Amino acid sequence: MKIKLELLTLGVVVLFIAAFAYVSSSGNHEWSGADGQAKDVISILTGGTYIPWFQSIYQPPSGEIESLLFALQAAVGSLIIGYFLGYYRAMAKIKAGEAVQKGEGKSDA
Amino acid sequence: MHIMEGFLPHPWWEIWFALSLPVVAFGVYKMNRMIKDSRETLPLLAVAGAFVFVLSSLKLPSVTGSCSHPTGTGMGSIIFGPWITSVLAVIVLVYQAVFLAHGGLTTLGANTFSMGIAGPVIGYLVYKAASRAGLHLYLAVFLAATLADWATYLVTSVQLALAFPAASGGVLASFEAFAAIFAITQVPLAIVEGMVTALMFKYIVQLRSDVLVRMKVVSQSTIKKLKEAVA
């Protein structure tokens with residue numbers, strides 16, 4: 001189990017990319033968001049009569065700025081995950097070191 | 001799974017708010033109590049929240065030729081349960097509704113219900129059932145996270161179908177139309193999310209299995225078995 005899960009995850013990701021490459025090469029796709037496609041279905045189901053009764057209070061002025069905000073969201077999340085996993089890892093090492101120094105430390109934190 | 005701003009007519013947007021609000025309110029209460037009782041859970045809570053942040057920001061291409069995103073809620077649900085996870089989901093949904101025009105404030109109730117409540121509840125139940133059935137820990141995590149993700153999108157399809165029944169065939173026919181977009185697109189994404197969640201869970205087990213045991217997420221004997229397998 002030491003690195004098996006990592007390899008398995010890598011395998012799944014590679015398969016995922018392969019599927020993308022295959023679908024990409026085998027036809028024209030918009031790669032649009034599923035959320036937006038649902039809007040089209042609503043318009044078909046209602047015969048185009050449905051008008052959203054409320055508009056977003058803010059729209060990112062361009063696709064670039066939208067990407068920026070998405071990237072920011074991912075960056076903040078990654079930062080937090082990395083910080084705490086690193087913190088835990090170092091703490092475990094320090095504790096292990098202290099335990100060795102004392103000869104017989106209590107392993108339970 | 002974001003239902004866009006203004007796209008749920010009366011009375012549906014109110015109904016989903018009414019269903020979600022008490023859950024989130026109780027989630028906030030539970031979260032506060034948990035932090036007060038055991039501050040050691042705070043970093044893990046931050047990690048679970050950050051995990052939702054990262055995964056729900058990644059719009060991935062799928063086999064259907066369209067893009068969708070994972071939810072990241074499976075992990076929070078396994079560790080903290082669905083109540084607290086609903087709060088984590090609301091934070092992300094509000095951010096995306098306000099700054100990204102993704103989802104919306106009027107549809108926040110419905111989106112919270114699918115991503116913050118229905119998905120996490122399914123994930124939680126699957127995890128409990130799978131661990132009770134004696135499945136390997138990481139397999140249980142994988143199944144829980146995968147199905148939590150997928151269930152979220154099925155619920156979105158149901159929500160839209162209820163609000164927009166087809167002229168012929170009614171709710172069922174329009175469910176098929178919405179599920180054709182969401183459910184199929186989501187299958188590969190859900191599997192990837194399940195794998196990544198299992199991997200993340202492995203690292204948490206390696207680093208803070210003591211907290212997981214104390215929170216009764218994983219039993220001491222399971223941890224012991226995992227550590228022996230590594231050694």
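## How buried is chain B?

Let's start with chain B: 59% of its 231 residues count as buried, meaning that 20 or more other C-beta atoms, placed from the backbone, lie within 10 Å of a residue's own. Keep in mind that this is a predicted model, where local features need pLDDT of at least 70, side-chain atom pairs count only at pLDDT 80 or more, and totals for chains, interfaces and linings use all residues. Residues are numbered from 1 along each chain as its sequence is written, while chains are lettered from A and ligands numbered from 1 in the order in which they are written.

## How chain B is built

Along the sequence, chain B reads α-α-β-β-α-α-α-α-α, so there are seven helices and two strands (DSSP runs, H or I of at least four residues for helices and E of at least two for strands, numbered from the N terminus). Its radius of gyration, taken over C-alpha atoms, is 18 Å, close to the 17 Å from the globule rule, so chain B is as compact as a globular protein of that length. That rule is 2.2 Å times the number of residues to the power 0.38.

## Where the chains meet

Chain A brings 51 residues to the contact and chain B brings 53, with two residues in contact if their C-beta atoms, placed from the backbone, lie within 7 Å. On the chain A side, helix H3(A) gives the largest share, 15 residues.

There's also strand pairing here (DSSP finds at least two bridges between paired strands): S1(A) and S2(B), residues 66–68, run parallel and are joined by two bridges. A:Ser32 has B:Ser66 as its bridge partner.

Key:
Buried ≥ 20, exposed ≤ 12 C-beta atoms within 10 Å, placed from the backbone.
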